[in-house]
Amino acid sequence: MALAPFFAKAAKSASQVLSGFDARAFASSLENAPVAVAWDAQGVSSSEARATLDLLVDLCSRLYPVIRFVPLDAAAASIVGDLTTQARAINPRLDVGDDPSDAAVLVVVGQTPIGADGRKVDRAVIYAGSDGWIASISNKTPIGSGKSVNIFGACVAACLAAANVFRAVFHAQLSNADLDTDVSMSVIDMVPRMRLDTGGGVDLVRPINPDLPDSIDIGEAHLVGIGAIGHATVWALRRTRGVHGTLHLVDGEEYDDTNPQRYVGTTHDQRGAKATSASDAPWVSDGLTIVPHDVTWAQHVSAFASRQGNWRLERVALAVDTAADRVRVQAALPRVIHNAWTRPENIGVARHNFLEGPCVCCFYMPNGPKPNYDDIVADALRIKDPIERKKVRFYIDTGAPLDADALSWIGDRMALDDAHRNELQAFLGKSLQALYTRGICGGVLLTLGDGEAGHQPEMEVPAAFQSALAGILLAAEIVVDAASLRSQPIAPRTEINLLRPLRGTLNAPQLRPPDGSCLCQDSDYQAAYRAKYGLE
């Protein structure tokens with residue numbers, strides 16, 4: 001079987017968006033739908049094309065067990081080995097070949113049209129390309145890639161292409177999931193524009209595309225959360241030339257064996273502390289100092305303030321999982337915050353100015369009572385008895401290790417079969433939180449049947465291309481803001497549904513609460529913010 005070792009997590013992700021989901025049918029669909037990636041000489045000569053290829057192969061290798069690499073000319077053939085090595089580092093079981101005849105979908109990076117030799121093309125074809133800040137997708141004509149060192153449009157194009165592959169393979173289980181016909185979007189204004197079908201790649205309206213400056217000072221920046229979004233942010237920033245300043249990577253967690261499902265740049269056996277591992281990757285810009293912090297945000301900000309002698313946080317990029325974590329960062333009053341998130345139906349980025357617009361907290365104001373964490377865990381484990389729910393609270397509060405009796409009790413309540421009870425033994429001596437995070441949310445205990453035995457909770461587990469796009473856009477927000485590349489401001493929030501064609505209005509306003517209940521409307525917080533940064 002060529003399915004990746006972390007397939008259960010990928011199945012959990014797909015179960016949230018595919019109608020009539022069945023894990024066995026999902027696995028069969030993947031194994032019978034090879035994905036072909038084709039490229040021409042631009043894949044070797046263009047930095048943009050190579051960035052698209054590298055990220056596209058990374059994303060596809062995390063889900064599809066059968067990939068065909070198709071060089072379209074002699075020059076293109078020189079990197080087949082590199083791409084194959086990259087793909088198998090992600091999924092060592094991957095079925096790799098070079099014959100696209102059995103492919104369900106073909107992605108093309110470059111200027112070469114498929115079917116130009118007169119042979120019939122009986123599969124979906126997706127062309128991906130870029131020009132600086134502009135990402136383009138078509139299912140009709142080749143696009144080609146620019147000659148700049150700006151890889152942001154190229155990375156966005158890779159994510160859009162991966163989303164189109166997913167829609168092509170699982171079209172029957174998605175609604176409104178047509179392929180993108182001819183569309184371009186600049187990362188600067190985030191406005192999709194339809195392309196003219198002229199065969200020459202002429203845009204109907206030219207997207208905004210300023211030059212990437214030779215020098216980009218991001219100052220003292222903090223990337224909080226080195227998870228799926230954070231890894232994509234790192235992936236883009238470490239390939240961006242001219243960036244200088246200091247970037248703090250903050251995350252107190254280590255990798256587990258489900259993370260490679262959507263962490264770009266990781267291998268199937270990634271281990272160790274996330275922040276340190278991300279900092280160890282090669283960075284093309286010598287002027288950027290990378291400082292890893294294998295601690296929580298609270299620990300980091302306290303130590304940082306102690307070292308600096310103040311609480312000034314010039315720039316913070318949020319790539320965390322929960323609203324509570326985001327609010328904690330906002331409460332420290334950073335000068336500038338960039339925020340990115342994923343949901344099963346969309347991904348988003350936001351820009352926050354504490355005095356002039358909505359702060360982070362404005363996006364996450366509570367609208368009703370929320371369940372306690374121990375109640376969430378108890379519900380996921382199908383534990384209803386009030387006395388037994390107190391037992392769950394004990395394990396959560398104390399972090400006590402699970403013994404054999406506790407695992408047997410959990411297996412009984414979840415009605416696990418023998419196979420899943422065996423998988424449960426991996427959590428012997430571990431905490432209940434670890435079992436919930438990896439076993440339930442991570443999909444380790446996901447049944448391959450009708451889903452009843454595993455009783456999966458409503459946890460958001462995005463696809464790799466969703467997390468990657470959120471992270472790429474977060475990195476772009478850092479660079480765009482630091483270099484002042486927007487001549488006109490855009491709305492605070494941008495949201496993209498990758499399960500549908502790219503169209504319509506992606507940017508949306510976000511108002512402060514009308515009742516004045518947010519901390520950015522509090523006069524004491526406003527005064528503290530002004531004093532901290534010397535503002536009038």
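Author: Ala, Val, Leu, Ile, Met, Phe, Trp, Tyr, Cys and Pro count as nonpolar, Asp, Glu, Lys and Arg as charged, and the others, Gly among them, as polar. The model is predicted: local features need pLDDT of at least 70, side-chain atom pairs count only at pLDDT 80 or more, and totals for chains, interfaces and linings use all residues. Residues are numbered from 1 along each chain as its sequence is written, and side-chain values use heavy atoms, with hydrogens and water left out.

Reader: How do the residues of the lining of the largest cavity divide?

Author: A cavity is a set of points, on a 1 Å grid over the protein atoms alone, where a 1.4 Å probe fits but cannot get out; lining residues have an atom within 4 Å of a point. The largest cavity is lined by 18 residues. They divide into 14 nonpolar, 3 polar and 1 charged.

Reader: Which residues of that lining lie nearest the centre of the largest cavity?

Author: The largest cavity holds about 170 Å³ of space, a volume being the space filled by probe spheres set on grid points joined across faces, edges and corners. Nearest its centre lie Leu 63, Phe 166, Ala 463, Ala 464 and Phe 465.

Reader: How do the residues of the lining of the second largest cavity divide?

Author: About 30 Å³ of space lies in this cavity. Among its lining residues are Arg 167, Asp 180 and Arg 500. The lining divides into 5 nonpolar, 2 polar and 3 charged.

Reader: Is Thr 494 buried or exposed?

Author: Buried means under 20% relative accessible area, exposed over 50%, partly exposed in between (1.4 Å probe, protein chains only). Thr 494 has a relative accessible area of 1%, so Thr 494 is buried.

Reader: With which side chains does the side chain of Thr 494 make a polar contact?

Author: A polar contact is a pair of N or O atoms within 3.5 Å; within protein, one must be able to donate a hydrogen and the other to accept it, and residues adjacent in sequence count only if both atoms are side-chain atoms. One partner, at 2.8 Å, is the side chain of Arg 351. Another, at 2.5 Å, is the side chain of Asn 507.

Reader: What share of the 536 residues of the protein chain count as buried?

Author: The C-alpha trace spans about 70 × 65 × 40 Å along its principal axes. Under the cut-off for buried, the share is 55%.

Definitions and conventions. On a 1 Å grid over the protein atoms alone, a cavity is a set of points where a 1.4 Å probe fits but cannot get out, and a pocket is an open set with protein on both sides within 12 Å along at least five of seven lines; lining residues have an atom within 4 Å of a point.
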